[in-house]
Amino acid sequence: MNLESKVPEGPLKEKWSKHLENIKLVAPNNKRKHNIIVVGTGLAGGSAAASLAELGYNVQSFCIQDSARRAHSIAAQGGINAAKNYPNDGDSIWRLFYDTIKGGDYRSRESNVYRLAEISNEIIDQAVAQGVPFAREYGGLLANRSFGGAQVSRTFYARGQTGQQLLLGAYQAMMRQVHEGKIDLHTRHEMLDLVIIDGKARGIITRDLVTGEIKRWMADAVVLATGGYGNVFYLSTNAKNSNVTAAWRCHKRGATFANPCYVQIHPTCIPVSGDYQSKLTLMSESLRNDGRVWVPKKKGDDRPPSEIPEEDRWYYLEDKYPSFGNLVPRDVASRNAKIVTDDGLGVGPTGKAVYLDFRDAIERDGRQTISEKYGNLFDMYENITGDNPYQTPMRIFPAVHYTMGGLWVDYNLMSNVPGLFVAGEANFSDHGANRLGASALMQGLSDGYFIIPYTVGNYIADAELSETDTNHEAFDEAAKNAQAHIDKLLNVNGDKSVIDFHRELGKIMWDKVGIARNEEGLKEAIQEIRDLREEFWQNVRVPGEAANYNKYLEFAGRVADFLELGELMAEDALHRDESAGCHLREEHQTEEGEALRNDEDYSYVAAWEYRNVNGELKEELHKEDLEFEFVELKQRSYK
Amino acid sequence: MAETFTIYLKVWRQDGPDKPGKLVDYTCDQVNEHMSFLEMLDVLNEQIIADGGEPIEFDYDCREGICGSCNLMINGKAHGPKAMTCSCQLHMRNYSDGDTITVEPFRAKAFPVIKDLVVDRSAFDRIIEAGGYISVKTGSAPDANSIPVEKSTSDTAFDYATCIGCGACVAACPNSSASLFTGAKLAHLNRLPQGEPERMRRTVNMVEQMEEEGFGDCSNFAECEAVCPKGISISAIAEMRKNYMKAAFAGEEA
């Protein structure tokens with residue numbers, strides 16, 4: 001297999017603009033002859049659907065929620081980056097590009113990341129024009145703040161609900177097109193398979209989550225924007241319904257899955273408190289702007305935090321990373337929280353937490369200022385834990401948050417299956433081995449508003465698409481396949497619940513494929529996941545029936561896919577015998593315990609091709625070498 | 001680990017939109033104070049599945065109080081007893097051992113029941129579809145700082161923009177009015193300079209769509225404001241009316 005990145009020639013700064021000039025256009029009167037499927041209505045899917053419809057294509061949009069407005073992008077709190085340099089602190093497109101490449105530990109494509117930085121400025125313009133109420137200064141201009149991994153203030157924010165406001169902007173733009181008749185919106189529909197005809201993506205199979213009906217949809221191109229797969233860990237900051245099913249089924253139809261082991265662990269979440277717990281809640285990373293992270297210096301110091309004097313506190317991030325302090329990137333903050341708690345310095349009832357303390361910020365800026373900046377986050381924390389963070393420090397711990405891996409795409413965001421485009425978190429492209437704060441919203445909207453609309457057109461202008469309809473045998477086969485999978489799940493009739501299987505998988509993943517990994521653990525994980533998968537198909541109990549609203553049946557299908565993906569993640573982590581970003585292989589650390597990359601041998605994207613050999617999962621590795629023409633690869637240092 | 005206690009539940013069970021429904025009794029004896037209300041229902045569902053029954057269906061997703069999916073009527077109150085809180089963020093520390101809790105769907109003519117506690121709230125999407133946006137094309141927007149917006153204007157717009165579309169306002173209203181939902185979106189978009197040009201038309205279109213969906217009129221009970229998990233003020237409704245009247249006098253057509 002030849003993974004061609006299709007990165008345009010020429011200087012970095014001109015690649016995208018030149019590419020846009022060379023891209024093929026579809027005439028307005030022809031656009032209305034083309035149908036495009038967009039799966040997912042988050043920042044990437046919503047903005048893509050709205051933009052494609054605005055251009056004149058007929059868009060079929062699908063989401064699993066009851067409304068397009070509920071995609072999990074809604075929960076992103078902190079902000080969105082752009083290189084506007086409004087604060088005049090020396091920011092530029094180059095700096096945003098450089099920070100993103102470096103923050104991703106040089107495991108992303110230079111050209112894609114530069115384009116992302118370039119487009120970032122347009123996103124802010126677009127969102128403001130749509131009425132997104134970003135924070136403003138008294139003079140009426142936009143306000144900015146700084147964020148993890150950056151030394152400039154380039155983050156635009158709408159209190160602690162930036163994702164919500166940006167998503168509502170995209171959703172509203174979508175609904176405008178629904179009203180115009182250019183988007184046909186199908187809520188409570190789950191994509192179960194991809195239909196490929198003559199080697200090109202030509203449609204999807206969905207299940208109507210209310211009636212259970214299996215439906216067929218045909219199009220000239222399919223855009224997948226279904227988010228990440230963090231829920232493979234069971235506990236994560238993802239919404240409960242977030243899943244990998246659409247992407248995984250595309251993978252099983254031939255789309256390669258890139259860098260599956262790159263998972264971001266977010267450092268500032270509310271810690272786990274018990275087995276019943278259904279998910280983890282993230283506290284915005286922006287809190288690290290003013291909050292100071294510390295643990296007691298002495299093991300077993302169980303005094304209330306207010307009674308621990310300054311000399312008995314260890315501000316370990318400020319101590320170890322003086323130039324970034326509490327604003328080190330997420331992987332560094334997460335790993336250090338693990339190190340101090342593994343050393344027995346953790347706080348709270350489980351010992352799996354560190355303090356995030358606002359005492360000094362409140363003294364310095366006053367309670368009013370702190371409340372204006374973070375009030376809703378403080379309220380949320382108090383509601384969940386029963387503690388008041390104005391009076392006592394928050395307790396935080398890392399949790400699985402965002403997946404940098406995803407379906408492989410070229411510069412046009414097209415997978416190796418022609419006609420299948422992948423946007424936002426569902427693709428692998430822009431974050432490398434680690435994602436900087438406030439760059440997820442940027443990527444989702446960049447892909448959806450500013451890249452997909454052009455590159456899909458470029459494909460359509462060129463693609464020779466045969467006349468076909470949903471009675472084609474490929475549709476028959478895929479629809480039967482989807483139905484058979486559901487029947488199989490319902491017929492196992494075992495005695496262990498779907499949630500129990502999911503929880504067990506999550507524990508294997510967190511313990512052995514989590515913050516830090518090693519060869520032995522990964523090998524064990526692979527075997528344990530295989531065993532669990534086998535047990536699942538013999539002993540899972542799925543209640544209810546197929547032709548009805550049945551949440552546990554939905555879960556069962558998703559957990560079955562997670563049980564396959566989990567193994568691939570462990571396999572990818574095992575093969576990548578280096579540390580990179582969030583992916584710490586314990587065998588490869590610097591003397592100071594930082595991730596030690598091996599650029600010589602691993603400067604590539606690992607793209608896995610699905611093979612089913614006699615019912616066994618076998619994945620074949622393909623490599624896309626990463627070339628760094630414009631930046632010099634350096635050991636990341638935040639000292 | 002926290003101590004467990006027992007909660008008695010009466011839960012609305014309904015097989016489908018056209019099927020009759022009834023309250024069914026359950027006992028959940030594995031409750032602890034740190035669980036959210038939805039986690040308590042998860043635990044109960046696991047118990048029901050283990051006993052060979054069909055789990056209770058209810059909507060949820062983010063469980064962080066922001067997506068607006070969850071929608072339980074808990075002891076007759078939308079999202080339960082705690083102010084400014086979604087069902088997913090209501091914690092069992094608000095209840096005591098032996099309490100009996102009745103759980104029902106958000107009821108309104110415009111929110112038909114799909115199954116058990118799940119209702120269809122797509123009427124809200126159609127209200128937004130009627131005008132809940134600013135008509136701007138992708139990729140041609142002027143520089144974001146070219147139109148200053150007074151901080152207080154932006155802050156107030158934000159206060160209204162925080163609506164999560166959960167529908168508690170409708171469920172709590174004796175008239176099943178969607179005025180707080182519609183008013184909030186109008187109060188967000190209408191006050192921004194970017195949203196100004198379409199203000200009248202937007203107001204007329206959204207208000208008329210709201211009526212068409214079968215939501216009742218607002219008669220100032222203010223129950224909506226009391227249950228809104230985002231604390232949206234009913235002054236949004238006053239603004240909506242003022243603009244609607246102005247538009248009517250100006251002869252603005254929908």
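A polar contact here is a pair of N or O atoms within 3.5 Å; within protein, one must be able to donate a hydrogen and the other to accept it. Keep that in mind for today. The model is predicted.

Let's start with the interface. Between chain A and chain B, 46 residue pairs are in polar contact, both residues at pLDDT 80 or more. Which elements of chain A give two or more residues to the side that touches chain B? They are α3 (43–55), α5 (110–129), α6 (162–179), α11 (367–385), α12 (440–462), α14 (498–512) and α16 (551–575). The most comes from α6(A), with nine residues. By type, this side of chain A has 30 nonpolar, 30 polar and 18 charged residues.

Now the extent. In contact are 78 residues of chain A and 75 residues of chain B. The buried area between chain A and chain B is about 6500 Å². Carbon and sulfur atoms give 50% of that.

Next, charges. The rule finds five salt bridges across the interface of chain A and chain B. One of them joins D159(B) to R159(A). Their closest N and O atoms are 3.0 Å apart.

Last, the cysteines. How many disulfides are there over all chains? Zero, from a search of the whole structure. A disulfide would need two cysteine sulfur atoms within 2.5 Å. Take C250(A). The closest cysteine sulfur, in C63(A), is 17 Å from its own, so that is too far for a bond. C250(A) is also buried, at a relative accessible area of 0%. Then take C218(B). Its sulfur is 6.3 Å from the closest cysteine sulfur, in C224(B), so this pair is too far for a bond.

How values were computed
Residues numbered from 1 in each chain as written. Chains lettered and ligands numbered in written order. Predicted model: local features only at pLDDT ≥ 70, side-chain atom pairs only at ≥ 80, totals over all residues. Heavy atoms only, no water. Contact = heavy atoms within 4.5 Å. Buried area = accessible area lost by both parts, 1.4 Å probe. Salt bridge = Lys/Arg side-chain N within 4 Å of Asp/Glu carboxyl O. Polar contact = N/O pair within 3.5 Å; in protein donor to acceptor, adjacent residues only side chain to side chain. Helix = DSSP H or I, 4+ residues; strand = E, 2+ residues; numbered from the N terminus. Nonpolar A, V, L, I, M, F, W, Y, C, P; charged D, E, K, R; others polar. Buried < 20%, exposed > 50% of the residue type's maximum accessible area, 1.4 Å probe, protein only.
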